[in-house]
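Biologist: I'd like to get to know this chain with you. Can you put it up on the screen, and I'll ask how you know what you say about it?

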Amino acid sequence: MATATEKHKPPLPLHSHRFLRRRYFNRAFAAIYILSFLALLYHHTLALSKETKTLVSISVSISLLIADLFLFFMWSTTQCFRMNPLVRKVFPENLEKVVSRESFPALDIFICTADPYKEPPLTVINTALSVMAYDYPTQKISVYVSDDGGSQLTLFAFLEGAKFGRHWLPFCRENSIMERCPDAYFSSNYSANSKTQHIKMMYEKMKMRVESAVAKGEIADEYITSEQERTAFSKWTPGFTRQQHPSVVQVLLDSRQDRDITGDSMPNLIYLSREKSKTSPHHFKGGALNALLRVSAVLTNAPVILTLDCDMFSNDPHTVQRVLCLFMDHSVRPNLGYIQLPQVFNGLNKADIYGCEFKPLFQMNPRGMDGQKGPNYYGTGCFFVRRAFFGGPSSSVQPEIPELSPDQGVKEPITSEKILKLANLVAGCNYENHTNWGSKIGFKYGSLVEDYYTGYRLVCEGWQSAFCDPERPAFLGDIPISLNDALSQTKRWSVGLLEVAFSKYSPITFGVQAVGFLEAHCFGHYAFWPVWSVPVAIYAFLPQLTLLNNMPIFPKVSDPWFYLYAFLFLGAYIQECLDFILAKSTFERWWNEQRMWLIRGLTSYLFGTIEFFSKLVGIPTQGFNVTSKVVDDEQGKRYGQGIFEFGVPSPMFLLLSVATIINLIAFLGGFLEVLRGGNLDGLFVQLFIAGFAVLNSLPLYEAMVLRADKGKMPTKTTIISAFIALGLCVMSSFMLQT
Ligand SMILES: O=c1ccn([C@@H]2O[C@H](COP(=O)(O)OP(=O)(O)O[C@H]3O[C@H](CO)[C@@H](O)[C@H](O)[C@H]3O)[C@@H](O)[C@H]2O)c(=O)[nH]1
Ligand SMILES: [Mn+2]
């Protein structure tokens with residue numbers, strides 16, 4: 001019984017937060033840096049107004065000015081993340097003392113997959129099982145998988161997974177397993193007893209069946225055991241292709257009827273492959289998510305939604321409770337629309353050679369945005385309030401049919417014919433015509449990075465977000481393990497980001513008014529991410545070609561202006577590095593991250609920018625190129641050893657090789673010149689830049705000349721780039737030596 005004093009005790013806390021003290025240092029440093037940059041601008045104007053004006057010297061000065069303006073713009077946007085970094089702590093142990101388990105909200109979980117050959121169905125089912133096994137009332141969980149690959153193989157994997165789940169869920173519960181993704185559990189140090197051996201054997205059997213079906217490309221008749229399963233596959237008639245097929249909505253588990261082997265109810269599990277037609281745009285993942293929003297509204301209409309990529313499995317069964325601590329505590333945010341958890345990756349090599357951890361992007365910057373209006377949405381590992389997809393907090397937009405409205409309860413069981421008919425209808429490829437879907441309702445269309453764009457627009461509409469970063473990663477995902485894959489991914493992002501940067505919702509115009517200066521410039525940092533390519537490209541060629549021709553373009557070491565350059569370079573670099581190490585990373589990973597930044601500058605950012613402009617003038621482009629999650633053994637081994645993987649010819653590699661060769665020639669040429677008593681004082685900065693690039697390029701030289709494995713630089717690329725590099729050197733000597 002509660003005594004009078006207990007009654008007046010403050011309620012148990014669910015959440016606390018604090019700002020990082022480092023923000024005061026960051027602000028002071030930013031002020032000094034801005035003043036230094038203004039001094040640099042003054043120096044640039046001096047250079048431009050010098051008396052001996054030749055066309056060459058003017059072009060050089062202007063190029064350097066442009067490069068530095070871009071660098072400064074991007075630097076200043078990164079400062080917006082540093083002004084108010086916020087860290088939150090949640091207390092899930094208090095949750096059930098404040099809210100009873102019975103009143104936890106229902107949860108709809110969306111998992112997207114798009115290609116059974118790039119995204120193995122076994123991976124997808126592992127992800128699904130990991131969240132079906134959440135330590136959460138099972139009747140409240142509904143897992144929806146959207147299959148844009150329209151593949152029987154994926155459906156088959158889910159039928160198998162549903163059967164295995166009846167054993168797996170009680171097994172996890174009874175043994176309080178933390179790794180509820182079967183594949184992760186069986187690759188961990190689990191205690192091998194007869195019970196675990198038994199369940200492992202079942203898993204292996206399922207794995208074999210799924211993998212052999214994928215290898216054959218079809219489902220053997222013996223694997224189809226019931227009439228219900230046969231009807232599930234009956235939609236795959238001969239004309240059924242990935243690009244052209246009717247919608248498939250298949251309820252694989254119904255929590256009202258299906259029980260696990262101990263008699264507890266299973267969560268709902270629904271397979272969806274929305275209708276596709278070659279003549280209707282499908283808007284890639286954004287379109288898939290909107291179809292999921294509608295189908296789930298019809299079937300379960302849970303107030304909370306979790307979106308996941310097919311490779312992002314749950315690594316902690318209590319994640320929903322953590323997130324509820326934020327949703328339930330109204331002091332967190334007045335209009336909390338979504339809670340993002342960081343993307344953390346499995347299988348990174350120690351040095352993270354491709355910078356795929358994206359520590360600043362996924363772990364550091366969101367804290368900075370959480371100190372403003374909240375982080376952006378990263379496409380996976382994000383919990384939404386369903387209502388957020390239907391207009392701003394104070395200006396709701398009603399969907400075209402009442403059944404889809406977030407405040408509508410579902411009255412019929414998910415297997416009822418009427419409901420399934422409606423579900424098929426709303427999954428139709430022409431359903432969205434003349435509706436608000438993609439513009440005012442649901443995930444927003446218009447950018448290849450539907451995640452970034454949707455999050456940004458939600459914040460503009462007045463929703464706020466929060467970042468939840470638990471000690472134990474809530475989800476773990478796969479990373480690309482070849483350089484080409486890593487660069488193609490960031491190239492796609494670049495195209496999508498520029499689509500936002502140059503839209504009428506651009507963060508630096510529309511955004512500043514809607515969300516305020518700092519938050520808008522955080523979003524702006526991403527929108528303009530690809531423009532890093534401008535300064536990187538200029539600094540990759542100009543100092544080097546002028547160095548080769550003995551033409552100083554920076555202040556002499558003996559000139560006081562030299563110290564300004566040194567400060568601006570070291571200041572930015574050292575701050576990044578310190579931030580990285582303070583975020584529990586290593587110097588080595590930071591080094592590789594900065595190398596990848598340079599590499600992306602000449603490849604994905606640049607080619608993404610070109611693709612964006614091609615698209616703008618109507619040249620057809622690639623669209624959403626799904627990242628492969630398949631690991632080739634040999635490739636995987638090389639990745640594990642930290643060896644760069646080139647292997648395939650690519651125009652991106654060609655330009656990269658040209659730049660590295662020119663830097664080597666310039667560095668060696670400049671070095672010899674200095675040995676011969678040349679102008680070290682005047683050429684030092686250029687020599688330093690070329691030397692820095694050479695140091696960064698060591699793995700490239702190795703891949704061009706020393707390696708013989710399949711992942712080396714294609715010989716053709718090496719030869720062609722050497723010729724181009726030489727050509728550029730010769731050309732520059734005609735142009736510069738006047
Ligand atoms: O037409 C499509 C294309 C992709 N996907 C799914 O989208 C997800 C992400 O695709 P992936 O190839 O892994 O892209 P990444 O670049 O690794 O993904 C990041 O960037 C995407 C935006 O470009 C976001 O959607 C992702 O959530 C984010 O993790 C995967 O589950 C795909 O199955 C679809 O459902 N339909
Ligand atoms: Mn991915």
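Biologist: What makes this an open sheet, and in which order do the strands run?

Modeller: Keep in mind that this is a predicted model. The order of the eight strands is β5-β6-β4-β3-β7-β10-β9-β13, with mixed pairing. At the edges stand β5 (248-253) and β13 (464-467), and each has a single partner strand, so one side of each has no neighbour in the sheet. On average, neighbouring strands are turned by 20 degrees against each other, ignoring direction.

Biologist: How do you know that β9 and β13 pair, and in which sense?

Modeller: Two strands pair if there are at least two bridges between them. Strand β9 (residues 336-340) and β13 have four bridges, so they count as a pair, and the sense is parallel. Zoom in on Tyr338 and you'll find its bridge partner in β13, Ser465.

Biologist: Which strands does helix α6 touch, and what makes you say that it packs on the sheet?

Modeller: Helix α6 (residues 152-174) touches β3, β4 (141-147), β5 and β6 (268-273). Its direction makes about 15 degrees with that of β5. Helix α11 (residues 319-328) lies across β3, β9, β10 (382-385) and β13. That helix runs at about 145 degrees to β9.

Biologist: What surrounds ligand 1, and how do you know which residues belong there?

Modeller: A residue counts if its C-beta atom, placed from the backbone, lies within 6 Å of the ligand. For ligand 1 that gives 24 residues, and the closest are Cys112, Ala114, Asp309, Gly379 and Thr627. Two or more residues each come from β3 (107-113), α10 (284-299), α14 (450-460) and α15 (483-501). The largest share, four residues, is from α15. By class, the shell has ten nonpolar, seven polar and seven charged residues.

Biologist: Which stretches make up the two domains, and how do you know that they touch?

Modeller: Domain 1 is 20-83 + 528-620 + 634-736, and domain 2 is 93-482. Their centres are 41 Å apart. For a contact, the C-beta atoms must lie within 7 Å. In that sense 20 residues of domain 1 are in contact with 16 residues of domain 2. On the domain 1 side, α3 (55-82), α19 (561-582), α20 (587-602) and α22 (633-640) each supply at least two residues. Helix α20 brings the largest share, five residues. That side has seven nonpolar, seven polar and six charged residues.

Biologist: Why does the radius of gyration of the chain agree with a compact globule?

Modeller: With 738 residues, a compact globule would have a radius of gyration near 27 Å, and the chain has 28 Å, so the two agree. The C-alpha atoms fill a box of roughly 85 × 70 × 55 Å along the principal axes. In secondary structure, the chain comes to 25 helices and 14 strands.

Methods
Residues numbered from 1 in each chain as written. Chains lettered and ligands numbered in written order. Predicted model: local features only at pLDDT ≥ 70, side-chain atom pairs only at ≥ 80, totals over all residues. Domains from an automatic or database assignment. Nonpolar A, V, L, I, M, F, W, Y, C, P; charged D, E, K, R; others polar. Axes fitted to C-alpha atoms, helices over the stretch in contact; angles between N-to-C directions. Rg over C-alpha atoms; globule rule 2.2 N^0.38 Å.
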